[in-house]
Amino acid sequence: AERYNPHAIEGKWQEAWAKSGLYTFDENAPGEKFYALTMFPYPSGNLHVGHWYAVVAPDARARWMRMRGFNVLFPMGFDAFGLPAENAAIKNRADPAKWTYKNIEYMVGQFGRMGTMIDWSRRFATSDPEYYRWNQWFFIQFYKRGLAYKKGGLVNWCPKDQTVLANEQVVNGHCERCGTAVEKRNLSQWYMKITDYADELLDFTHTDMPDKVRTMQVNWIGKSVGAEVTFDTPAGPETVFTTRPDTLMGATFLVLAPEHDKVAALTTDEQRAGVDAYVAAAARKTDVERQQEGEKTGVFTGSFATHPISGHQLPIWIADYVLVTYGTGSIMAVPSGDQRDLDFARAFGLEVVETVRPEGGEPMDTGTVTEGYTGDGLIVNEGPLQGMKGGKAHIGPVIETLQGLGIARARTTYRLRDWLFARQRYWGTPIPFVYCPEHGAQPVPEDQLPVRLPENVEFTPTGQSPLKLDTEWVKTTCPVCGGPAERDTDTMDTFVDSSWYMYRFLSPDYHQGPFDPSKAGLLPVDLYTGGIEHAILHLLYSRFWIKVMRDMGLTQQHEPFARLRNQGMILGEDGEKMSKSRGNVVDPDGLVREYGADTVRTYLMFIAPWELGGPWDPQGINGPAKWLSRVWNLYFGDAAGPAETVSEAELRYAVHSTLKKVNGDFERLSFNTIVAALMELTNTLVKARRAPVAGTPAWDEALDIFNRLLAPVVPHIAEEIWTGRGGEGSVHTQSWPAVDEAAATRDTVKIGVQVGGKVRGEVSISKTATQDEAMAAARANPDVSRFLEGKETVKEIYVPGRIINIVVKG
Ligand code: ANZ
């Protein structure tokens, strides 16, 4: 018989599938729709093993859903705009467009060789003018709704990529892409008002996301409930934000962020030199450095604020642990209740005043205390708050009291900032605005969209927008007066592209809008899969975008994704992240050439629990390779297993219990255990192959079910087996087998039989066998009956499910 040769079958089937349109989604086909989506890749080169890991298992799951009767949409596209593609194009001295589209062709071929069920008829790249046209259209709609606006101010600037970055793209003070320390620049920029949706983004009712992702989003949004308290200062009233207004009586000084706009006015002449030096030094630090625990630094401004209740004069300091971007950029410092404030007070000899004392506790020794008290208790200071409950959970009544005195107001703050949306780079969506000397900023009329990205632009980053250099392109007319005007030369943040792309797959060729509303029934994405690295940026932006679309009346969905699951990462053999610079990258093409796609698919599903990932093991692929050879020989060769006795019931148990397990594992996205179960079932089938059971209906059923079980995981060999056994059409359009529950539960148990204290044999009996049935089975066993010959039975003991014990005499 022929040996398993994946190369002889895989290309053949891939071609046949493409030709017959096997994977083309038909919205009118029967079955409940299921929209499965895997995050689309950047076309920055070729698919690496991490892409395969991310795609293969969800592909198997989508195939499983399809065979179960769902009408499955599983599309794929390319996230083609943005810095990685542009940087790569610069490095390769190529035009970003040509370079990108060449890569896309190559990657589509790779996906094909993977044997996925992707419906390529829906493919698009976000750099297609027909796609980004709708980015521009959305931008204008957001602008009309007051959600896109231009504002001057301090922004994050990456000196290497020569562009501004959103807060979300700054990780520990460094550029998320290239790792360069981020600087601050004062620039006028476009923003998206994501903060309007902060509260709604904290509500996960309509989306099932892993706890970890939810927590990251919640922390990023950073909602804090507290109050604003106003103090009089020589530069006018100053309002601070505090989560602990109950500690007001313990406030002994104020601290302003170095960038706070009252700093200059509050600084006295004697203090000016020190303050200026401190402000300059703080500007050179990142937010993270500034908030790190460690020695507190700061300077006194020389001015004092008036405590709104006691009237005491509180010194006003500046210190870089107070951030200008949070709350009001100033704080009331309460050393007795806050550790940072206490450290600061100790460093500069400032006063400590007790406020909240635990009930029944001793007064605080304010001269020596080194740890602030942050718990609950009673407010001890004389005045309107005396005797009230203090502590984080008790601020409500305190705020009411202070509000009555005109000192405070309830206030909630968020860490979330508006989404900085413009980039000074070439390879992105042009912002559809023009500037008229007469009429200011005007949106480009919708019938003039798309504003096309010009070609042949010198795009090497210089810090100014490359589009400025194309003076012909910049020149335009004002839509209001028709006079000369200039185009906006910035491009949009690439995260706009991934914010709504799942809607474009519904109708990628639709020209009347971003998507065809008559296809809305395909929403939401039922299962979205991808890397955890997108927990905040992409997912938060996308959730925001879809909520705005809902408010525009474009969709009824509250969320883009009904369910999200993350895969882990495949690491290099050394356990490090795969990267070209580390030289530990595994090339899937080479593996496919050597072992075939089915083996690589199996290995990537088997290598680790999917959500965890793990290091690549080059030896590990041999197991899946051998397994598929055994599978092949089972159907087409002589799988030379030892001829063991496998009963029909045992065979059916093996098949149906595996089927049941595989269903549960697909549901939970536990892919490695699916492969393990299929391997185990192979062993049983190989054993049964030469046994008498091989001729029975149970055997035929076993081969048929196993063939279908293989289809999602190893689509090529499964198809070859299907046709080899005379099946009509494709195995991938067959129905998924139904579990025979009775067969799937083993109702027999094997139990040992002791004669005279020694185990002499084993019998298979029903779990519910009676004492008489059990004894009859035991005595019928030749291994047991031999030892009973000529002996008198004294006692018979049967412990169901465990043991049969025959006590004998003589
Ligand atoms: C007085 C106080 C007393 C505070 C106390 C805390 C404990 P979260 O929960 O993170 O929102 N704060 C306010 N604005 C700040 C800024 N721009 N930079 C640095 N710190 C700032 O933190 C809110 C608390 O952080 C506020 O409550 C304020 O200190 C400080 F026993 O006010 B608190």
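Reader: What makes up the secondary structure of the protein chain?

Author: The chain has 25 helices and 32 strands, taken as DSSP runs (H or I of at least four residues for helices, E of at least two for strands) and numbered from the N terminus. Mind that this is a predicted model: local features need pLDDT of at least 70, side-chain atom pairs count only at pLDDT 80 or more, and totals for chains, interfaces and linings use all residues. Residues are numbered from 1 along each chain as its sequence is written.

Reader: What share of the 810 residues counts as buried, and what makes a residue buried?

Author: The share is 43%. A residue is buried if 20 or more other C-beta atoms lie within 10 Å of its own, exposed if 12 or fewer, and partly exposed in between, with C-beta atoms placed from the backbone.

Reader: Which residues of helix H3 are buried?

Author: In H3 (residues 83–91), they are Leu83, Ala85, Glu86 and Ala89. They sit on the same side of H3, because they cover an arc of only 165° around the axis, the arc being that of the directions from the helix axis to the C-beta atoms.

Reader: What covers the buried residues of H3?

Author: Helix H4 (96–114) is included in that cover; contact means C-beta atoms, placed from the backbone, within 7 Å.

Reader: And what follows H3?

Author: Arg93 does, with a positive phi near 45°.

Reader: How are the residues in the shell around the ligand classed?

Author: There are 8 nonpolar, 7 polar and 2 charged residues. Ala, Val, Leu, Ile, Met, Phe, Trp, Tyr, Cys and Pro count as nonpolar, Asp, Glu, Lys and Arg as charged, and the others, Gly among them, as polar.

Definitions and conventions:
Two residues are in contact if their C-beta atoms, placed from the backbone, lie within 7 Å.
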